[in-house]
Amino acid sequence: MCRVVEKRVLMTPFSPLLTFSLLLSSLQYSAVDSNPLSVYVMHPFWNSVVKVMPRWLAPNLITFTGFMFLVFNFLMLSFYDYHFDASAEGYTHVPSWVWVTAGLFNFLAYTLDGVDGKQARRTNSSTPLGELFDHGLDSWACVFFVATVYSIFGRGPSGVGVATLYYILWVVLFSFILSHWEKYNTGILFLPWGYDISQVTISIVYIFTAMVGVETWYEPIWWNFHYRDLFTFMILGELPLVRLLFSEASRNNTLKHSSIYEAFLPFLSPVLLCLLSSVWVIFSPSGILQQQPRVFYLMVGTAFANVTCKLIVCQMSNTRCQPLSWLLVPMATVVLLAVTGLVANETLLIYVWTAIVILTHIHYGVSVVSTHTHTLQYKSQKTLYLALITVGNYLFQS
């Protein structure tokens, strides 16, 4: 009950951005998907969906469209439930049509994320940039998915506290990066079961909430066990333990990195990011997480996506992961300014810093695409030049 999905893409050993796009050698991308829901239900469904898509539809456009559905859900719930209290008793609840829209958009995003790779193989347009684009947007989507789902229960007496949700978010983020850390060390991406199960379940929960109302979630399932606890348990189930695959690779001495230090190097920046953001949460003079939870989650999720994308680039190119992401240096300064009270207006500080993090991450993505495009143009010109020289030599010798 395990299927290995493989596709051929071109890749080279590289230094951070430039070499990623040189495309001089081949890399075989391998992903193990053993989830029965995915193998027996979703993949057959996605195979049917991709057949009706026009061949001119670019796979990267499919990926981006799916991602934007999640961003739209986040923005829509930000409008109706900015502080995550709309589902609590005594507050104006989110309209039913919003939950229906969120359910449909979440399932559409999940579906498009499943068919983009199939469309690439169908049109013979698989590229390393497409793989990076897909996984990079997936890393950023984690925060939009978690924050949107949070609005179902909210922060009221029957909901989940914003601090609890903060640590749940970190569970999801580390669950995501753990899969790519595993591939960094073993060359195989193990797709976690929790992703498919959670996406289908949450899409249904959105629709169900629209039909029965958020008041349904107030009641306990059994004794003092509430639906919020089930939600928390489901999210915590996303965190994989150390993989059997990693253990086997270690025993067989087939890991890419022989030393423990090199193997765990990709965790340094994510752990430092977690520590810095947690220090801000714990020692904030104004209780920034209580005051601006949505913006704080967005800042953390975006900074994490930036760190993760750099790991994905190194993992794809078989290069050494850099120990420290430079983004953490100014963040350490921002946290210091906040917790020491040197900046009195923490709300303004978190808004400005979040905007900087988002723009930095977008700039990084644009730089990767630009470097990749320019390198392809250079290679095309070089190939044409070499071909002309070869033809010229042949005619001269004749």
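**Figure 1. Asn-124 sits in the loop between helix 3 and helix 4.** Helices here are DSSP runs of H or I with at least four residues, strands are DSSP runs of E with at least two, and both are numbered from the N terminus. What you see is a predicted model, in which local features need pLDDT of at least 70 and side-chain atom pairs count only at pLDDT 80 or more, while totals for chains, interfaces and linings use all residues. Residues are numbered from 1 along each chain as its sequence is written, and side-chain values use heavy atoms, with hydrogens and water left out. Asn-124 follows helix 3, and its phi is positive, near 55°, in a residue other than glycine. As background, most residues other than glycine have a negative phi. Is Asn-124 buried or exposed? At 74% relative accessibility, Asn-124 counts as exposed; the cut-offs are under 20% relative accessible area for buried, over 50% for exposed, and in between for partly exposed (1.4 Å probe, protein chains only).

**Figure 2. Phe-84 is a residue with a positive phi in the loop between helix 2 (59-80) and helix 3.** The phi of Phe-84 is about 60°, although Phe-84 is not a glycine. Phe-84 is buried, at 0% relative accessibility.

**Figure 3. Helix 3 covers residues 96-122 and bends at Val-115.** The bend is about 30°, taken as the angle between axes fitted to the seven residues ending at a position and the seven starting there. How far apart are the end C-alpha atoms of helix 3? They are 38 Å apart, which agrees with the 39 Å that its 27 residues should span. That expected span is 1.5 Å times one less than the number of residues in the helix.

**Figure 4. Thr-148 is a buried residue in helix 4 (residues 128-153).** Its relative accessible area is 2%. The side chain of Thr-148 reaches the backbone oxygen of Phe-144 at 2.7 Å. This is a polar contact: a pair of N or O atoms within 3.5 Å, where, within protein, one must be able to donate a hydrogen and the other to accept it, and residues adjacent in sequence count only if both atoms are side-chain atoms. Which residues does Thr-148 touch, not counting those up to four places away in sequence? They are Asn-73, Phe-74, Leu-77 and Tyr-206, with contact meaning heavy atoms within 4.5 Å. Thr-148 and Val-71 are 77 residues apart along the chain, and their C-alpha atoms are separated by 9.3 Å.

**Figure 5. Thr-308 is a buried residue in helix 12.** Its relative accessible area is 0%. A polar atom of the Thr-308 side chain lies 2.8 Å from the backbone oxygen of Phe-304. Leaving aside neighbours within four places in sequence, Thr-308 is in contact with Ser-139, Phe-176 and Ile-177.

**Figure 6. Asp-134 is found in helix 4, where it is in contact with two other Asp residues, Asp-113 and Asp-116.** Thr-63 is also in contact with Asp-134, once neighbours within four places in sequence are left aside. Asp-134 is buried, with a relative accessible area of 14%.

**Figure 7. Lys-183 and Glu-131 meet in a salt bridge.** A salt bridge is a side-chain nitrogen of Lys or Arg within 4 Å of a carboxyl oxygen of Asp or Glu, and the N to O distance for Lys-183 and Glu-131 is 3.2 Å. The pair links distant parts of the chain, with Lys-183 in helix 5 (residues 162-186) and Glu-131 in helix 4, 52 residues apart. Both Lys-183 and Glu-131 are buried. In general, side chains of opposite charge can pair when their charged atoms come close.

**Figure 8. Glu-262 and Arg-320 also form a salt bridge, with an N to O distance of 3.1 Å.** Glu-262 lies in helix 9 (residues 260-264) and Arg-320 in the loop between helix 12 (293-317) and helix 13 (328-339), so the pair ties together parts that are 58 residues apart in sequence. Arg-320 counts as partly exposed, at 38% relative accessibility. The count of salt bridges comes to two.

Figure 9. A disulfide is a pair of cysteine sulfur atoms within 2.5 Å, and a search of the whole structure finds zero disulfides. Cys-321 is buried, with a relative accessible area of 8%.
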